[in-house]
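Here is a short walk through some packing and pairing details, written to be read with the model open beside you.

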Amino acid sequence: MLNFTIRRLLFTIPTLLFISFVIFFILDAAPSDPTGNLPLTIPPDVREKIRESLGLDQPMIIRYLLWCKQFFVNEPLNLLAQWGINIGDPDRLRVISFQTRSPVVDLIAQRMPQTLWVVGMSYVVGVLIALPIGIISAVKQYSWFDQMGTFISMIGFSVPTFFTGVLMIVIFSVWLGWFPSIYDTTLVVDSWRTLGLQIRQMAMPVFVLALFNAAQISRFMRASMLDNLNQDYVRTARAKGLRERTVLLVHVLRNSLIPVITVIALGVPQVFGGAIITEQVFKVNGLGQLLIIAIQGGDIPTVQTLTFIFAVLIVLFNLIADILYGILDPRIRYD
Amino acid sequence: MKLKSLLLGAAASLALASAAQAGRGDSGHLNIIYWQAASIMNPYLSGGTKDVDASSMVLEPLAHYDENGNMVPVLAADIPTVNNGGVSKDLTSITWKLKPGLKWSDGSAVTAKDVVFTANYCMDETGGCQQLAKFADVTKVEALDDLTVKITFGKPKPFPYGPFVGSTTPVIQARQFADCKGIKAPTCTEANFNPIGTGPFKVDEFRANDTITLSANQNFRDPDKPAFATVTFKGGGDAASAARSVLETGEFDYAWNLQIAPEILAQMEAKGKGKILAGFGPLVERLMVNLTDPNPKWGDERSTVKHPHPFLSDKAVRKALSMAIDRTTLVEVGYGKAGRVTCNVLPSPAIYNSTANDSCKVQDIAGANKLLDQAGWKRGPDGVRQKNGVRLSILYQTSTNAVRQDFQALIKDWWRQIGVETELKNIDAAVFFGGDQSSPDTFQKFFADIEMYANNFDGTDPEAYMGSWKCSEIPSPENAWLGANMPRYCNPAYDKLVAEMAGTADINKRAELAKAMNDMLMQDYVIIPLVWRGNVAARANTLAGVRLNVWDSDLWNIADWSREK
Amino acid sequence: MTPETTLTAAPKTAAPATEGDPLVRVRNLKMYFPIYRGVLRRQVGEVKAVDDLSFDIFRGETLGLVGESGCGKSSAGRAILRLYDVTDGQILLDGTDIAPLSGRELRRLRPEMQMIFQDPQASLNPRMTVASIIAEPLDEHRRLDRRARMERVFELMDAVGLDRDFANRFPHEFSGGQRQRIGIARALALNPKFIVCDEPIAALDVSIQAQVVNLLEDLQERMGLTYLFISHDLSMVRHLATRVAVMYLGRIMEIGSRDQLYDDPRHPYTQALLSAVPEPDPAAESDRHRIILEGDVPSPANPPEGCNFCTRCPQVKDICKRETPAFRQMSDGRFIACHLV
């Protein structure tokens with residue numbers, strides 16, 4: 001397993017380099033202009049100077065190599081420097097956002113908590129409600145609970161979050177006034193009261209996203225349970241005279257969880273990607289919102305860096321899913 | 001109009017009075033939402049309105065424009081003019097005097113050197129300064145003494161108020177930005193996010209593209225201001241949800257730039273938690289009348305001055321078309337509070353607004369019919385008027401846009417009532433405004449009888465804008481259809497006024513000239529104004545002192561804002 | 001400690017071929033599976049997988065249950081072990097009717113009766129080691145400490161001829177024959193009296209089949225087990241069974257001692273079925289007259305009127321298409337359901 005992991009990790013390096021180049025190439029080919037969003041009253045010659053100052057007059061390949069140096073060399077060195085290990089000149093040029101003129105990595109670090117709190121929590125909540133729903137739906141296939149579960153999943157799956165989100169804002173913020181409609185990213189949780197505020201402001205976005213996540217995962221869980229429920233070894237377990245609970249939880253559930261866990265692991269990068277729409281609706285300014293603003297503003301370094309980090313996470317979690325599969329299913333051997 | 005301004009003045013002085021009684025920080029916390037989040041606190045590195053507005057809470061220029069477009073001194077002691085000797089007689093230099101005793105938020109003194117530094121900071125070729133156009137023709141900026149700055153231009157400037165007037169060009173602290181000039185400008189993240197300013201607030205925490213937390217600047221020049229102790233400037237989302245957070249849930253006190261359908265905005269306002277504000281710049285939705293013949297039979301010469309229009313060259317027809325329009329209905333249908341009836345193509349700033357053409361405010365179908373009857377246009381058997389075999393049949397084009405198509409339908413019906421037949425055409429905005437030489441559908445080529453769009457100008461000075469309708473601005477194949485004179489209007493008297501304005505520095509004389517030009521265009525009915533379009537913002541009922549300003553930052557007078565009990 | 005001394009917990013009784021003390025009595029057993037169709041999943045019919053079975057299984061004997069695939073023999077086996085909720089009928093195990101039982105009461109009786117499944121790969125939980133597969137029923141039904149439990153697991157592994165070192169391996173690491181041994185060890189863990197062997201060798205290589213069959217015989221002898229041996233392999237049944245029942249379309253056509261059936265089949269279906277079995281004697285084999293049945297087996301969801309076999313019977317008469325033949329005992333002790341005999 002260790003060999004497999006190392007081999008796979010080594011293989012990801014050229015893959016990721018290739019991905020980073022493709023991203024850069026696509027971004028360069030896309031008609032985005034960092035001065036495009038400026039007021040029309042800024043004349044073309046000034047715009048040209050702005051572009052020059054951003055280094056956009058350089059050829060694409062030079063800009064790509066510069067980005068590579070900044071991201072793969074300067075940023076890690078800078079990180080080391082923060083831990084007190086100084087190598088080389090401390091005045092390295094970091095990856096700088098066009099829009100904010102600040103290091104992209106710092107922006108990402110600043111956004112991470114919101115995204116993890118809200119999107120991550122919604123993923124956890126989604127999984128926690130999806131698993132029991134999927135299990136019960138499968139065990140009681142075609143019961144009213146299963147039909148309800150199917151119906152709710154359908155809604156969660158097919159109704160977009162910008163609709164459910166706005167609907168919830170209208171109901172819970174405008175009519176009932178229970179929850180704030182705008183997320184306060186500056187809230188510091190340091191007391192029971194602020195924790196309460198944090199929970200209140202997280203409630204709606206977490207619910208909306210959890211519904212969406214739960215819809216997918218509960219379907220997977222149900223299908224996987226149904227698959228296993230009809231397996232011979234389940235009949236064997238019943239023949240052994242095991243309690244139905246033991247049959248379901250020990251035999252069926254454990255085996256059904258294997259594919260579901262991989263699906264869950266593969267979904268984790270989406271958490272880091274943030275939920276662009278939901279973040280926008282509830283004004284949770286996390287990574288998704290950072291990405292969308294960067295795209296709108298033609299902020300190539302930010303888009304490039306964020307997209308690349310997502311690519312890394314996707315590759316990484318694919319590997320994790322494979323390793324988990326190997327650990328969980330004794331039939332799989334990678335070496 | 002008079003009564004309104006009186007009331008406004010009274011309201012403003014009331015607000016001032018209540019603010020004066022209160023001390024700094026008494027109003028507690030202020031929540032502002034901009035649905036586009038601020039990226040940076042330095043308008044020289046980002047000209048986006050959101051960034052300019054956000055930094056205007058911290059950084060101040062020498063003078064602001066007020067809500068009527070008039071200059072008010074901020075850091076300057078007064079506004080330099082030719083009369084007070086601040087502007088040289090040859091119009092090539094302007095000398096600003098700073099108020100004495102001004103302090104930066106870090107407690108150090110504001111000097112003329114900071115102003116000189118700021119100018120050099122922006123004029124550095126390698127810095128990518130986004131406000132460079134404001135410094136056009138500046139050849140030298142020098143400090144005559146600690147409180148005096150002289151800006152010299154390379155040519156006479158009748159309107160020398162480009163640099164340091166308005167929030168786009170504030171004064172930054174020389175000490176803080178000393179190492180941030182030229183190519184190093186983008187690397188000064190700390191200075192760009194937390195600039196030291198003279199404004200009523202200072203940044204506590206700047207979260208780029210998200211939220212800015214500010215608190216009152218303890219060194220602000222007015223000891224009783226600002227009334228608010230702290231401000232949260234939240235960004236993100238969309239216009240509708242920003243409006244909702246002020247008007248429906250009351251979570252925020254002020255929301256900016258709410259371009260939403262008027263009926264939705266009205267519904268939200270009906271909740272009673274806040275008010276909708278509208279500010280009106282020079283943006284006017286108008287009809288352009290083609291004085292030349294767009295008939296395809298003329299080939300390369302269609303819509304050029306070689307062939308006058310068969311019936312629109314008759315002023316009576318043009319006037320009747322204008323009289324038949326019910327502008328009040330158009331405003332209600334299309335813009336609600338974000339629109340006003342106007343009879344001028346130059347409705348603002350207020351000093352340029354003419355009242356000579358106000359008769360257009362009321363629809364007059366009967367009058368229009370009578371006018372056409374008198375001019376000899378007789379109704380044919382199909383109800384369409386004609387004279388000497390020429391039928392009043394109009395091709396009316398505009399860009400594809402729901403509101404514009406509503407307008408077309410309404411206007412077509414009104415014109416039918418005066419015996420004018422109308423064919424409607426809408427063109428994708430990218431093509432219509434795109435300026436593609438090969439397309440016959442651009443607004444410059446104007447291969448139609450009437451076209452509709454909106455236009456405005458930057459800043460408060462209409463000189464360049466009013467120059468659009470000189471003879472030399474007529475688009476034609478000879479100048480590759482470049483030029484802004486869509487009606488192909490050519491009047492030597494008008495050109496003379498334009499030339500006169502270019503040599504006039506006195507603001508009141510300039511206003512007279514601009515009005516005269518506007519009236520000439522209006523009374524010749526070559527441009528038919530429809531709706532004066534504004535910016536919309538929302539404020540909570542408890543927020544006092546807001547004076548929505550289209551000429552400067554929305555937050556230009558945030559020092560005067562306070563919480564109404 | 002040898003396996004013989006510990007694996008004889010069940011009373012060792014003689015196994016008479018045709019008579020004696022019945023361990024299992026099945027009476028009028030019906031197992032119908034409902035068919036749902038349409039949007040609202042309304043029940044539109046039922047598959048009569050097992051339709052009115054009655055027979056006894058005597059202590060210590062092996063009753064072979066034969067028939068074509070789809071005839072309901074596996075369903076019958078599972079229904080008898082109450083892996084299904086039966087539709088109707090009685091199943092008396094040692095005098096207790098287990099047909100109406102459920103839940104805890106049924107579970108208490110599970111140690112008495114076990115099943116060996118057809119597909120040893122699928123019937124073992126892939127995520128459990130051999131030891132835990134075998135030990136699981138012990139955890140559920142016996143209170144044993146860790147050591148005693150492992151000791152028991154090793155005993156069972158010895159008994160079925162599995163190396164003790166394999167205890168911590170997973171099923172996929174074994175060959176088919178070894179897996180079936182695991183399945184058998186698992187079935188034996190609780191000292192059952194009655195084992196249903198549901199085609200236990202069908203999925204195995206021919207060379208392995210003999211080993212497994214020998215093991216089953218060996219264990220029966222040592223532990224006094226009673227088998228219901230379900231198979232479509234008529235030769236194997238002849239080798240193993242004391243009595244044989246022939247099923248067709250959910251019903252038993254004929255049941256009798258092995259020799260009665262194989263030497264003198266009376267039911268036309270039994271005759272046809274057995275005519276397909278090759279004779280070991282070349283002379284007899286050359287005389288063998290193969291009866292080829294025409295047509296397909298009707299759907300158990302829609303069995304024919306009268307005798308179930310009437311659509312394919314070479315000797316069909318009018319009465320066969322009208323009346324269901326009674327299941328009658330013949331003078332030689334066998335039971336048969338046919339109008340012709």
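Helix H8 (residues 232-239) of chain A and helix H9 (residues 244-273) of chain A pack at an angle of about 155°, with 10 Å between their axes. Angles over 145 degrees count as roughly antiparallel, and H8(A) and H9(A) are therefore roughly antiparallel to each other. Keep in mind as you look that this is a predicted model. The crossing in which H8(A) passes H9(A) is right-handed.

On the H8(A) side you will find A:Tyr233, A:Val234, A:Ala237 and A:Arg238. They meet A:Glu244, A:Val247, A:His251, A:Val252 and A:Asn255 in H9(A). Sorted by class, this contact of H8(A) with H9(A) has 5 nonpolar, 2 polar and 2 charged residues.

Along the principal axes, the C-alpha atoms of chain A fill a box of roughly 80 × 60 × 40 Å.

Now for the strands of chain B.

| Strand pair | Sense | Bridges | Residues standing opposite |
|---|---|---|---|
| S16(B) and S17(B) | parallel | 7 bridges | B:Ile394 and B:Thr422 |
| S13(B) and S14(B) | antiparallel | 2 bridges | B:Arg379 and B:Arg385 |

In the parallel pair, strand S16 covers residues 393-399 of chain B and strand S17 covers residues 421-427 of chain B. How does the chain get from S16(B) to S17(B), and which hand does the crossover have? The path runs through helix H11 (residues 402-417) of chain B, making a right-handed β-α-β crossover.

The antiparallel pair belongs to an open sheet of 3 strands in chain B, ordered S13-S14-S15. Its edge strands are S13 (378-379) and S15 (390-391) of chain B, each of which pairs on one side only. Strand S14 of chain B spans residues 385-387. As a general point for viewing such elements, side chains in a regular strand alternate between the two faces of the sheet.

Finally, a look at how the chains meet. There are 2 pairs of chains in contact, and chains A and B share the most contacts. Chain B and chain C, by contrast, do not touch, and their nearest C-alpha atoms lie 42 Å apart.

Conventions. Residues are numbered from 1 along each chain as its sequence is written. Chains are lettered from A and ligands numbered from 1 in the order in which they are written. This is a predicted model: local features need pLDDT of at least 70, side-chain atom pairs count only at pLDDT 80 or more; totals for chains, interfaces and linings use all residues. Side-chain values use heavy atoms; hydrogens and water are left out. Two strands pair if DSSP finds at least two bridges between them. Helices (H or I, at least four residues) and strands (E, at least two) are DSSP runs, numbered from the N terminus. A crossover is right-handed if, with the strands pointing away from the viewer, the path from the first strand over the helix to the second runs clockwise. Axes are lines fitted to C-alpha atoms, for helices over the stretch in contact, and angles run from 0 to 180 degrees between N-to-C directions. Angles under 35 degrees count as roughly parallel, over 145 as roughly antiparallel, 65 to 115 as roughly perpendicular and the rest as oblique. A crossing is left-handed if the near helix is turned anticlockwise from the far one by less than a right angle, and right-handed if clockwise. Contact means heavy atoms within 4.5 Å. Ala, Val, Leu, Ile, Met, Phe, Trp, Tyr, Cys and Pro count as nonpolar, Asp, Glu, Lys and Arg as charged, and the others, Gly among them, as polar.
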